[in-house]
Amino acid sequence: MWTVGASMGAVAARLIAPLEYRTWQAMNNRCHNPSATDYPSYGARGVIVCDRWRNSFENFLADMGMRPQGATLDRFPNNRGNYAPDNCRWATRIEQSRNRAYVKLTMAKAEEIRKLWATGNHAKSELAKMFGVHTSHIHQIIENKMWKT
């Protein structure tokens, strides 16, 4: 497990936080390894890992802390920004899905959809056109399966 140039702290950190270490490795790989499968969506688009985290798992772990169960690394609030302490969080899949560049809805819009639906004056297909989403999304919002209140 010991690697040339690794400090005892780095080795201990990897043993104490293996999930976080794999996350750190994957983040670096997709941003800085042109052979990585995800590189076209990250590194090739200019997304990088900040200098503080690039070569220091200890710094990454100190800034991010242990990963909560069910969470993954998310670039937030700027999902097009770099991996850095001021732009990353541990987030659930639901939180991450709301932080995508193509997301057209917000909680306020979901509430507006529910209010419009409750009037009985709008079909789901009409609401979908109004908000620029698929009818299935409108159904899930109305049923409180998406953008839950």
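Asp 74 sits in strand S1, which spans residues 72-75; helices (H or I, at least four residues) and strands (E, at least two) are taken here as DSSP runs, numbered from the N terminus. The model is a predicted one, in which local features need pLDDT of at least 70 and side-chain atom pairs count only at pLDDT 80 or more, while totals for chains, interfaces and linings use all residues. Residues are numbered from 1 along each chain as its sequence is written, and side-chain values use heavy atoms, with hydrogens and water left out.

With a relative accessibility of 6%, Asp 74 counts as buried, the classes being buried under 20% relative accessible area, exposed over 50% and partly exposed in between (1.4 Å probe, protein chains only). The side chain of Asp 74 meets that of Arg 89 in a salt bridge, at 2.9 Å from N to O; the term stands for a side-chain nitrogen of Lys or Arg within 4 Å of a carboxyl oxygen of Asp or Glu. Arg 89 belongs to strand S2 (residues 88-91) and Asp 74 to strand S1, so this pair ties together parts that are 15 residues apart in sequence. Arg 89 itself is partly exposed, at 21% relative accessibility.

By this rule, two salt bridges are counted. Another pairing is that of Asp 63 with Arg 52, whose closest N and O atoms lie 2.7 Å apart. Here Asp 63 comes from helix H4 (residues 57-64) and Arg 52 from helix H3 (residues 51-54), so the link ties together parts that are 11 residues apart in sequence. Both partners are partly exposed: Asp 63 has a relative accessibility of 31%, and Arg 52 one of 40%.

We now turn to the end of helix H1. Ile 16 is part of this helix (residues 8-16) and counts as exposed, with 60% relative accessibility. Together with Leu 15 and Met 66, Ile 16 forms a nonpolar surface patch of about 330 Å² accessible area. Such patches are made of residues with over 30% relative accessible area and no salt bridge, with like charges joined within 9 Å and nonpolar side chains (Val, Leu, Ile, Met, Phe, Trp, Tyr) within 5 Å; areas come from the Shrake-Rupley method with a 1.4 Å probe, and for residues only the protein chains shown count as cover.

Ala 17 is placed in the loop between H1 and helix H2 (18-32), and is buried at 0% relative accessible area. Leaving aside residues up to four places away in sequence, Ala 17 touches Phe 57, Leu 61 and Met 66, where contact means heavy atoms within 4.5 Å. The C-alpha atoms of Ala 17 and Met 66 are 7.2 Å apart, although 49 residues separate the two along the chain.

Helix H8 (residues 135-142) has Ile 138, Ile 141 and Ile 142 among its buried residues. Viewed down the H8 axis, the buried residues fall within an arc of 95°, so they line one face of the helix; the arc is that of the directions from the helix axis to the C-beta atoms. Their cover includes helix H6 (107-118) and helix H7 (124-131). Just after H8, Asn 144 adopts a positive phi of about 60°.

Overall, the protein has eight helices and two strands, running α-α-α-α-β-β-α-α-α-α from the N terminus. Of its 149 residues, 35% count as buried. Among contacts with a separation of 6 or more, 47% come from residues 24 or more positions apart.
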